[in-house]
Amino acid sequence: MYCLKKYCFVISVLLSCVFLLGWADSWESIQKESAKIKSVKAQFTQSKHMKILARPLVSKGRFYFQAPDSVRWEYVSPVKSILLMNRDGIRRYTQGSGGLTEDKSGSLQAMQVVLKEIGQWSKGEFTTNEHFTAVLKKGSEPTIIMTPREKGLAAMISRIVITLSSDRPGILKSVKIYENEGNYTLFEFSDVQINGKIAESLFRDA
Amino acid sequence: MMAMTPTRRYGFAVLIMASFLFSCSRLPVIKPAEPAAAAALIEQCGRPYPSVPYRFVHAIEVILPGGSSGTMMGVTIVDPKAASVQSAMMTLEGFVVFEGAYDKKVIVDRAVPPFDKPEFAKNMLSDVRLMYLAPEGRPTNAGTLKDGAVICRYMGTRYPVMDVIVYRDGSWEIDAYSESEEAKRRIRAGSVKNGIPETVELKAYEAWDYTLQMRLISAEPVAREATPLSPETQPQRY
């Protein structure tokens with residue numbers, strides 16, 4: 001269960017913080033631009049690619065972030081599910097046979113312990129991250145390639161490729177999480193709005 | 001502790017016996033079909049099972065004892081001719097926690113803790129086979145139930161006793177029993193459209209009971225040569 005919890009944590013933190021990336025010529029510029037971003041609102045499309053699937057399995061949803069550590073990661077299809085992270089902790093609600101119910105399995109509790117790492121990510125401090133090594137590749141579409149430091153995590157995620165928008169500082173284009181050969185998840189973001197007002201209740205209520 | 005009088009002891013024993021009897025399912029009574037009608041009934045009992053290779057994608061709510069639950073996505077490819085199945089389970093975020101197959105034996109391609117126990121793979125793939133692969137051989141008994149539903153009983157296959165029940169509204173049920181006729185699995189398929197159920201519920205009666213509530217996301221036939229690991233499909237959505 002530890003590995004799954006860790007994976008969930010890493011993914012949640014990654015997805016909640018990648019929007020904080022600044023325009024990327026260097027790690028310094030990333031950190032500098034990151035400091036300017038206080039809130040993010042976006043749509044996302046998640047495409048799961050596997051050999052067992054003929055076509056990607058597509059999920060869609062909405063994402064909200066408010067600095068320093070409030071997140072709402074919400075799937076609207078094919079399964080409605082809402083992950084809420086704020087100073088009080090982490091909760092997940094999923095549409096099931098009994099309506100929208102809270103996940104009481106306890107699998108999210110471990111994520112709370114490491115929420116403090118969000119601060120590190122939000123400052124763009126990828127090079128000092130405990131779980132991944134990071135390489136910045138400059139170009140027309142700058143990318144950050146993250147590789148797990150630990151064998152246990154590497155057995156689940158081989159690498160993560162973050163592609164930054166080429167023309168909008170602070171905007172993320174996509175995140176691709178590779179699990180193994182032929183098996184990856186692509187998150188693509190659209191309608192990204194930076195530093196707009198987001199109601200506090202969105203991070204509290206499902 | 002209050003001492004029990006003989007009457008109370010008797011009442012207590014009756015209560016225990018009654019609860020035991022209610023907890024142990026009994027096989028439903030079959031009204032045997034006339035020999036001339038048996039073939040048609042047996043054919044109806046084949047309705048729950050795909051006759052060609054198929055891929056199913058479901059949202060699966062797993063309900064554990066005590067009511068705790070979690071939701072996963074499940075992908076299954078069934079090949080009835082080869083009697084094989086392939087399955088993958090992933091979190092809503094797309095992280096694959098289990099991927100394996102049954103093709104004359106259990107094959108595990110990927111298993112992440114806590115889904116890495118051999119028993120999990122064996123039981124999960126057994127449930128998938130129970131759901132999608134028809135029992136081997138001919139039923140030992142075929143007929144109808146009180147409510148007119150068609151029932152076929154198979155003995156000595158994957159479970160000592162298996163009942164396949166097809167209701168008049170097109171829905172169906174697959175029940176598996178132990179040698180002592182105790183219910184081990186109960187699968188109910190509902191909202192059947194074009195032969196494919198929109199919902200499937202699997203109840204497992206084990207030391208740790210669990211329930212799977214499955215909601216169909218997509219179902220499509222798969223080219224036979226594509227079933228193992230390079231699927232090609234003729235897109236069809238229900």
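Which residues have the most contacts inside the largest nonpolar core? In this predicted model, they are B:Val85, B:Ala88, B:Met90, B:Val97 and B:Met131. The core has 88 residues. Helix 3 of chain B, spanning residues 118–132, gives the most to this core. Its share is seven residues. Leaving aside residues up to four places away in sequence, B:Met131 touches B:Ile174, B:Ile187, B:Val200 and B:Leu202.

Chain A was described at the level of the whole chain. Chain A comprises 206 residues, of which 36% count as buried. Its secondary structure consists of five helices and eleven strands. Contacts in chain A were also sorted by sequence separation. Among those between residues at least 6 apart in sequence, 47% join residues at least 24 apart.

Strand 2 of chain A covers residues 57–66, and strand 3 of chain A covers residues 70–77. The two run antiparallel and are joined by seven bridges. They form a hairpin, with three residues between them. Within this pairing, A:Tyr64 stands opposite A:Arg72 of strand 3.

Strand 3 of chain A also pairs with strand 4 of chain A, residues 81–86. This pair is antiparallel too, with five bridges. Here A:Trp73 has A:Leu83, in strand 4 of chain A, as its bridge partner. A hairpin through three residues joins strand 3 to strand 4.

Terms used:
Residues are numbered from 1 along each chain as its sequence is written. Chains are lettered from A and ligands numbered from 1 in the order in which they are written. This is a predicted model: local features need pLDDT of at least 70, side-chain atom pairs count only at pLDDT 80 or more; totals for chains, interfaces and linings use all residues. Helices (H or I, at least four residues) and strands (E, at least two) are DSSP runs, numbered from the N terminus. A residue is buried if 20 or more other C-beta atoms lie within 10 Å of its own, exposed if 12 or fewer, and partly exposed in between; C-beta atoms are placed from the backbone. Two residues are in contact if their C-beta atoms, placed from the backbone, lie within 7 Å. A nonpolar core is a set of buried Ala, Val, Leu, Ile, Met, Phe, Trp, Tyr and Cys residues joined through C-beta atoms within 7 Å. Two strands pair if DSSP finds at least two bridges between them.
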